[in-house]
Amino acid sequence: MKKKPESVTNLEKQLKESLSQIEKYEEVSVPDLSFFERMVAEETSRNKRQLAKELALFGLMAAVVLFVVAAMLIQLPSVLILLQIPVLIGAVLYIYRQHRKEGEWNDT
C-alpha cells in the first residue's frame, strides 16, 4: 500500500477543519411536528374537496347520459341501435389497440 504524499494529508486535514467550522456556524433547524400535522390536514381537506367535486361532476354526467339514452330509447329506438353499433366497434378497436400496444396480444 502506497503512503499518501504529505500535501494530500495536509489538504485532507484542512478540509476536515474547514467542514467542522462550517458545521459549527450552520445550525440545522427541524420543523416541529405541528407544522407537518397542519400540512397533512390541509392536504387531506384539499383531497376531500377535490373528490367531492369530481364525484358531483361524474354523477351529473352519468345522469345526462342516462337521460339521453332513455329519451332516445323511448322516442327513436332505431337511432339508438344505429348509434350503438359504431360505439361498440370503436370500443372493441380501442381495447384491441391498447392491449396490442402493451404487448399482451403480440405474437412475436
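By the distance rule used here, a side-chain nitrogen of Lys or Arg within 4 Å of a carboxyl oxygen of Asp or Glu, the count comes to one salt bridge. Keep in mind that this is a predicted model.

The salt bridge joins the side chains of Arg 46 and Glu 43, at 2.6 Å from N to O. Both residues lie in helix H2, three residues apart, or about one turn of the helix. In general, an α-helix has 3.6 residues a turn, so residues three or four places apart point the same way.

Now the chain as a whole. Of its 108 residues, 2% are buried. The chain exposes about 10700 Å², and carbon and sulfur atoms supply 66% of that.

Next, a surface patch. Leu 57, Leu 60, Met 61, Val 64, Phe 67 and Val 68 form a nonpolar patch, with about 610 Å² of accessible area together. Val 68 sits in helix H2, which covers residues 33-75. Val 68 counts as partly exposed because its relative accessibility is 40%, between the 20% and 50% cut-offs.

Last, helix H3, residues 77-102. Its 26 residues should span 38 Å at 1.5 Å a residue, and the end C-alpha atoms are 37 Å apart, so the two values agree. Just after H3 comes Gly 103, with a positive phi of about 90°.

Terms used:
Residues are numbered from 1 along each chain as its sequence is written. This is a predicted model: local features need pLDDT of at least 70, side-chain atom pairs count only at pLDDT 80 or more; totals for chains, interfaces and linings use all residues. Side-chain values use heavy atoms; hydrogens and water are left out. Patches are made of residues with over 30% relative accessible area and no salt bridge: like charges are joined within 9 Å, nonpolar side chains (Val, Leu, Ile, Met, Phe, Trp, Tyr) within 5 Å. Accessible areas come from the Shrake-Rupley method with a 1.4 Å probe; for residues, only the protein chains shown count as cover. Helices (H or I, at least four residues) and strands (E, at least two) are DSSP runs, numbered from the N terminus. Buried means under 20% relative accessible area, exposed over 50%, partly exposed in between (1.4 Å probe, protein chains only). The expected span of a helix is 1.5 Å times one less than its number of residues.
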